[in-house]
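The sequence and the model are shown first, and the account follows.

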Amino acid sequence: MKDKFVINIGRQLGSGGKAVGEAVAARLGIGVYDKQLINLAAEQSGICPEIFEKADEKESRNLSRSSASAFPFVGSEYSGSNVLSSDALFKIQSDVIRDLASRESCVFVGRCADYILRDHPRTVNIFIAAGRAERIERLCRLHGIAPGEAESLMDRTDARRAAYYNYYSSGTWGMAETYDLCIDSSVLGIDGTTGFVLEFVERKLGVKP
C-alpha cells in the first residue's frame with residue numbers, strides 16, 4: 001500500500017466535483033469511483049443494487065422489512081438480518097472502499113471515503129464548492145430543469161450529503177478544517193480546478209500527472 005495513493009473528493013451539488021474527480025483520475029491514469037461503488041458493494045454482498053441506491057449518501061435509517069425480504073443477503077458474511085439498515089450498508093460499502101484502496105491508486109467521490117480511509121498513509125482530501133448562481137446554472141444545463149427546480153434539488157441534496165457525512169464521520173461536511181484543500185470551482189472553472197488539484201497532489205504526495 002505504501003506506493004499507492006488515494007484522492008477523496010467531497011462536493012456540493014452542481015460544483016462540478018464529479019467532473020473534476022474524473023478529470024484528475026484521467027490525468028493520473030487511475031480509476032475513479034462514484035456510483036460504481038453501489039454495484040461493487042452489491043456484487044460483494046449479494047444485495048440488490050436498488051437497496052444501496054435507497055441508502056446512497058443518506059444518514060442512518062432502517063429500510064423496510066418488506067424490502068429486506070425482497071432482497072435478502074445472499075451467501076455472505078452480512079447474512080442473518082431480516083432488516084437492512086443504512087448502517088449495515090455503510091459497512092459493506094466501507095469494506096469495498098478499503099479493499100479498492102489497498103489494491104490500487106484511485107479517486108473516490110463522496111461516500112465518506114476520506115473518513116473511511118483516515119488511516120491510509122497516502123491520501124489527499126478535497127472539498128469542491130462553487131457559487132450558488134454557478135451551481136444552479138450548471139444543474140439547469142446538465143439536467144434541463146428550471147432554475148427554481150435546480151435550486152431546490154441543490155439544497156435538498158446538499159442537506160442530505162451533510163447529514164450523511166456528519167453522521168458517519170468525525171468531521172463536518174464542507175468545513176475547511178475537515179479537508180486538506182477546499183476550492184471554489186467557479187473561480188477557476190473545471191479545467192483550472194483540475195489543474196490546481198493536480199498541483200496540490202503533486203506537492204503533498206510527490207505524484208506527477
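Rings of Phe, Tyr and Trp (its six-membered ring) are taken to pair if their centres lie within 6.5 Å. In this predicted model, ring pairs link F90, Y164, Y167 and Y168 into a cluster. The structure holds eight aromatic pairs. One of them joins F127 and W173: the ring centres are 5.1 Å apart and the planes stand at 90°, so the pair is edge-to-face. Because F127 belongs to strand 4 (residues 123-129) and W173 to the loop between helix 8 (147-168) and strand 5 (181-184), this pair ties together parts that are 46 residues apart in sequence. An aromatic ring is also involved in a contact with a charged side chain: R118 lies over the face of Y115, at 4.0 Å from the ring centre.

**Overall fold and confidence**

The protein has nine helices and five strands. Along the sequence these elements follow the pattern β-α-β-α-α-α-α-β-α-β-α-α-β-α. Of the contacts between residues at least 6 apart in sequence, 68% join residues at least 24 apart. Buried residues account for 50% of the 209 residues. The protein exposes about 9,900 Å², of which carbon and sulfur atoms supply 50%.

The average pLDDT is 87, and 85% of the residues score at least 70. Over residues 62-83, however, pLDDT stays under 50, and the model has 38 contacts beyond four places in sequence for this segment. Where pLDDT is low, the predicted coordinates should not be read in detail.

**Nonpolar cores**

Which residues have the most contacts inside the largest nonpolar core? They are L37, F52, I97, F108, C112 and L117, in a core of 30 residues. At least two residues of this core come from each of helix 2 (36-45), helix 3 (49-55), helix 5 (86-103), strand 3 (106-109), helix 6 (113-116), strand 4 and helix 8. Helix 5 gives the most, with seven residues. A second, separate core has 20 residues, including F5, I126, V201 and V207.

**The loop between strand 3 and helix 6**

Both R111 and C112 are placed in the loop between strand 3 and helix 6. Most residues other than glycine have a negative phi. By contrast, phi of R111 is near 60°, a positive value, and phi of C112 is likewise near 60° and positive. Leaving aside residues up to four places away in sequence, C112 touches F90, Y164, Y165 and Y168. Among these, F90, Y164 and Y168 are also members of the aromatic cluster.

**Burial of selected residues**

| Residue | Relative accessible area | Class |
|---|---|---|
| F127 | 3% | buried |
| W173 | 16% | buried |
| R111 | 1% | buried |
| C112 | 2% | buried |

Why does W173 count as buried? Its relative accessibility is 16%, and buried means under 20% relative accessible area. F127, the partner of W173 in the edge-to-face pair, is buried at 3%.

Technical notes. Residues numbered from 1 in each chain as written. Predicted model: local features only at pLDDT ≥ 70, side-chain atom pairs only at ≥ 80, totals over all residues. Heavy atoms only, no water. Helix = DSSP H or I, 4+ residues; strand = E, 2+ residues; numbered from the N terminus. Buried < 20%, exposed > 50% of the residue type's maximum accessible area, 1.4 Å probe, protein only. Contact = heavy atoms within 4.5 Å. Areas by Shrake-Rupley, 256 points an atom, 1.4 Å probe, with all protein chains shown as cover. Phe/Tyr/Trp six-rings, centres within 6.5 Å; stacked < 30°, edge-to-face > 60°. Lys NZ or Arg CZ within 6 Å of the ring centre and 35° of its normal. Core = buried A, V, L, I, M, F, W, Y, C linked by side-chain atoms within 4.5 Å. pLDDT = per-residue confidence, 0-100.
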